[in-house]
Amino acid sequence: PFKFENYGIPQRRHRMVIVGLIKDLGLVFEPPAETHKGNHVSCEFAIEDTKIKKEAFNNEPTNNTDNVVERLGLIPEGKNIWDVQDKDDFPERLRLNVKKARLSQIYKRLDRELPAYTVTGSGGGGTHVYHWSKNRALTNRERARLQTFPDDWRFFGGKGDVRKQIGMAVPVLGSEVIFTALLNTLSGIPYETKTPSY
């Protein structure tokens with residue numbers, strides 16, 4: 001599996017990538033060398049190194065309810081609802097009534113110093129990816145940055161449709177790394193370690 005955070009993508013996104021070559025070519029795909037193992041790009045860097053313009057496409061804020069805002073205010077950076085809701089001082093009215101299948105990403109805040117957890121394309125309440133210090137979900141443009149889309153890349157459709165497009169995509173710079181390795185294999189060029197242009 002490809003661990004995209006080891007290639008400079010500001011997200012822990014682990015995916016199987018299958019590369020097929022015609023046997024008659026006599027070529028063997030050379031997987032790209034990991035360029036960022038132990039030196040990951042943080043989600044804070046991806047989102048805030050260059051400010052997103054207010055008028056940027058797909059940057060509309062999510063209208064979080066008062067309960068969601070209050071719940072997030074009780075969840076520390078890098079933690080999720082399950083880390084706090086069973087404590088005695090957590091208000092009963094903000095608790096989630098879930099007995100089984102406690103997904104780790106439910107109301108999970110990012111840790112600013114680490115790559116983001118996996119950006120998903122769908123899911124119910126609590127799965128929108130939450131800011132490390134602001135009590136809100138990320139905008140679609142911020143999610144797109146975690147997927148390494150440039151800010152001028154425009155997604156079309158409603159907010160939910162855009163969220164799905166972003167979450168279902170392969171990170172742009174991750175695709176570049178894989179396709180460069182494939183083109184080098186086809187051209188007979190040994191793969192050279194190259195830092196993605198993030």
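Contact here means heavy atoms within 4.5 Å. With that in hand, welcome to a set of close-up views of a predicted model.

View 1. Cys43 sits in helix α1 and counts as buried, with a relative accessibility of 0%. Leaving aside residues up to four places away in sequence, Cys43 touches Pro10, Leu110, Asp111, Arg112, Leu114, Pro115, Ala116, Trp132 and Leu146. Look also for Arg145: its C-alpha is 8.8 Å from that of Cys43, although 102 residues separate the two in sequence.

**View 2. The salt bridge of Arg145 and Asp151.** Here we stay with Arg145, which pairs with Asp151 in a salt bridge whose closest N and O atoms are 2.5 Å apart. The structure holds six salt bridges, and two others have views of their own below.

**View 3. Arg93 meets Glu70.** Side chains of opposite charge can pair when their charged atoms come close. In this view, Arg93 and Glu70 form a salt bridge, and 2.6 Å separates the closest N and O atoms. Glu70 belongs to helix α2 and Arg93 to the loop between α2 and α3, so the pair ties together parts that are 23 residues apart in sequence. Arg93 is exposed, with 53% relative accessible area, while Glu70 is partly exposed at 33%.

**View 4. Arg112 meets Glu77.** Arg112, one of the residues touched by Cys43, forms a salt bridge with Glu77, in which the closest N and O atoms are 2.9 Å apart. Both residues lie in the loop between α2 and α3, so this pair ties together parts that are 35 residues apart in sequence. Arg112 counts as partly exposed at 27% relative accessibility, and Glu77 likewise counts as partly exposed at 28%.

**View 5. The buried side of helix α2.** Which residues of helix α2 (residues 66–73) are buried? They are Val68, Arg71 and Leu72. Because they cover an arc of only 95° around the axis, these residues are on the same side of α2. An α-helix has 3.6 residues a turn, so residues three or four places apart point the same way.

**View 6. Helix α4 packing against α3.** In helix α4 (residues 159–168), the buried residues are Val162, Arg163, Ile166 and Gly167. Their arc around the axis is only 130°, which puts them on the same side of α4. What do these buried residues pack against? Their partner is α3 (140–146).

**View 7. Phe149 and two aromatic partners.** A pair of aromatic rings is described by the distance of the centres and the angle of the planes. The count for this structure comes to five aromatic pairs. In one of them, the ring centres of Phe149 and Trp153 are 5.7 Å apart and the planes are at 45°, so the pair is tilted. Phe149 also pairs with Phe155, this time edge-to-face, with 5.0 Å from centre to centre and 75° between the planes. Phe149 and Phe155 are both buried, the former with a relative accessible area of 11%. Trp153, by contrast, counts as partly exposed at 44% relative accessibility.

**View 8. An aromatic cluster of Phe2, Phe4 and Tyr7.** These three residues form one aromatic cluster.

**View 9. A nonpolar patch on the surface.** Ile22, Leu25, Leu27, Leu183 and Leu186 form this patch, and together they have about 480 Å² of accessible area. For a closer look at one member, find Leu25 in the loop between β2 (14–15) and α1 (43–48). Leu25 is partly exposed, with a relative accessible area of 48%.

View 10. Asn58 is not a glycine, yet it has a positive phi of about 60°. This residue is in the loop between α1 and α2 and counts as buried, at 9% relative accessibility. Val129 likewise has a positive phi, near 70°, in a residue other than glycine. You can find Val129 in the loop between α2 and α3, where it is buried, with 2% relative accessible area.

Key:
Residues are numbered from 1 along each chain as its sequence is written. This is a predicted model: local features need pLDDT of at least 70, side-chain atom pairs count only at pLDDT 80 or more; totals for chains, interfaces and linings use all residues. Side-chain values use heavy atoms; hydrogens and water are left out. Buried means under 20% relative accessible area, exposed over 50%, partly exposed in between (1.4 Å probe, protein chains only). Helices (H or I, at least four residues) and strands (E, at least two) are DSSP runs, numbered from the N terminus. The arc is that of the directions from the helix axis to the C-beta atoms. Patches are made of residues with over 30% relative accessible area and no salt bridge: like charges are joined within 9 Å, nonpolar side chains (Val, Leu, Ile, Met, Phe, Trp, Tyr) within 5 Å. Accessible areas come from the Shrake-Rupley method with a 1.4 Å probe; for residues, only the protein chains shown count as cover. A salt bridge is a side-chain nitrogen of Lys or Arg within 4 Å of a carboxyl oxygen of Asp or Glu. Rings of Phe, Tyr and Trp (its six-membered ring) pair if their centres lie within 6.5 Å; planes under 30 degrees apart count as stacked, over 60 as edge-to-face and the rest as tilted.
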